[in-house]
Every structure is written in structure tokens, then in C-alpha cells.
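Student: I would like to learn how to read a structure feature by feature. Could we go through one together?

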Amino acid sequence: MNPLPQRAATLALALLLPIAGLAACSGGTADSATAVTGTDDACTLDRDVIEAGKIDFEFTNNGKDVSELYVLKDNGDVVGEVENVTTGTSRTLTVDLVAGDYEVNCKPGMKGKGISADFTVTGDGGTAQAKPERTVTFDAVDFTYEDLDLSSIKSGQTIRFEMTNSGTEPHEFEVLDSTGEPIGEVGATEPGDTGGATMTFGAPGKYTYQCILIDPKTGKKHSMLGMTGTFTVAPA
Ligand SMILES: [Cu+2]
């Protein structure tokens, strides 16, 4: 046979695929799109003023390590994230933002404080999150959550979570619905700091909470060391 044209065809396909994937991701229902480029030591937005509404953040990881992208409110609340973005690839994070001050945070190696870039959202678009009806306050330690009361949460409720890190390693608090979809998270919070997040609970069912930061001593996710559990969201 003749291997050369076949190799050329495979190469052409390999070059085309990431572009096709990117186009598919950005072709959603977002009102606008903005590009974020992460390198080993920079996180760059292609604009610093964005129109309110559904916004596609098209994140390209040009660093040498796997990375993730967060969009945060100016109070540090996580609005959304994409993780495990490997070197040389792109992923799109779509979030609905009302007017205000925000930042993107690229996290090369998916650890540490990451690198931030500020932006402003202007205009009347976007859907504001419901006001929380109560606040659940708890502690994170190495490696569990203390005083975490997740009983009597009902479908449709919006709840504020405030986590104080009383441990010695950074901790987070991510909540997944019964299908495994993240519904919100208190982002990585340094020892001694307090982090928060407001989450709205959808369909009733069994939800999961977890911290999937890596313990440097064991190389294991904190969830493997005890920082996970489940709770039930009751029908409204
Ligand atoms: Cu943790």
C-alpha cells in the first residue's frame, strides 16, 4: 500500500479536529463571546468591558501544564468554571452575567491562587440570581467539613454557603446534582480565609458535595480522604 497519503490525511484530520470542536462549542445561544488566553504566567482577556447577558468565555490554554478557568464576582464568589483544559486545547465556559465587576482566573497546574484579570459587565441584560433565603455556615478542616447542616433543603431554594477554612491546606466545596452536574461551588479557599457561594437547587434527589483539591502529601484528592458526602434535596 501507499502509507504516505494516508499519513497526510491523518495529519490533516488531526489539525482540523480541534478547530471543528471549538466552532461547535462557541455556536451556542450566548449573547456574546470573549477569548481568554492562559499561559504559564499570564491570563489575558481580549476585552475588559462586556455586554451583560449570556457570555461565552473561550479559554485557550497555551501553558505547558493542564489548566482551568474560573469566572468570579468581585466578592470572590465563583460564577462558573471549566477544569482539566489540557495544553494547546480550548474550552468554552458560558455564564449569565448581570452588570457589575468580575474577574477571570486562570489556574495553570490547577493549583494555587492562579492569575486574575478584571473585567466589567455593563447593560441591562442577564438574569440576576435569586436572593438566598438562608445561609449555611460551616468549617473545612483537613479532611472533612464540620457543622455542615444540609438537611431540609428543598427543590427551588436558593441558599448561601459560607465556608471558613480552619485547616492547613486550601479547601473548596463543590455541589453536584443527582446527574453529577456541578450546581455551584465555594472555590479554593486558603487556610484562615472564608469563601462563599450562592446556589439554587433544581430537581429533587440525591446531591453530592466534595473537595477535589489534591493533598500534596498523599497525591490524593481531598474527597478520597473524607471530604465528600451526599444529601437529599426534597420536593418543593
Ligand atoms: Cu479540601
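Student: Through how many residues does a hairpin join strand 10 to strand 11?

Tutor: Before counting, please note that this is a predicted model, in which local features need pLDDT of at least 70 and side-chain atom pairs count only at pLDDT 80 or more, while totals for chains, interfaces and linings use all residues. Residues are numbered from 1 along each chain as its sequence is written, and side-chain values use heavy atoms, with hydrogens and water left out. Strands are DSSP runs of E with at least two residues, numbered from the N terminus. Here the hairpin passes from strand 10 to strand 11 through two residues.

Student: Which strands are joined to strand 10 by bridges, and in which direction do they run?

Tutor: Two strands are said to pair if DSSP finds at least two bridges between them. Strand 10 and strand 11 run antiparallel and are joined by three bridges, and within this pairing Asp139 stands opposite Glu146. Strand 10 and strand 13 (residues 158-165) run parallel, with seven bridges joining them; Val136 has Phe161 of strand 13 as its bridge partner.

Student: Why does Asp147 count as exposed?

Tutor: A residue is buried under 20% relative accessible area, exposed over 50% and partly exposed in between, using a 1.4 Å probe and protein chains only. Asp147 counts as exposed because its relative accessibility is 66%, and Ser152 counts as exposed because its value is 52%.

Student: How many disulfides does a search of the whole structure find?

Tutor: A disulfide is a covalent bond between the sulfur atoms of two cysteines, and the search takes a pair of cysteine sulfur atoms within 2.5 Å. One is found in the whole structure: Cys43 and Cys106, with sulfur atoms 2.0 Å apart. This pair links distant parts of the chain, with Cys43 in strand 2 (residues 43-45) and Cys106 in strand 8 (residues 100-106), 63 residues apart.

Student: Are Cys43 and Cys106 buried or exposed?

Tutor: Both Cys43 and Cys106 are buried.

Key: Helix = DSSP H or I, 4+ residues; strand = E, 2+ residues; numbered from the N terminus.
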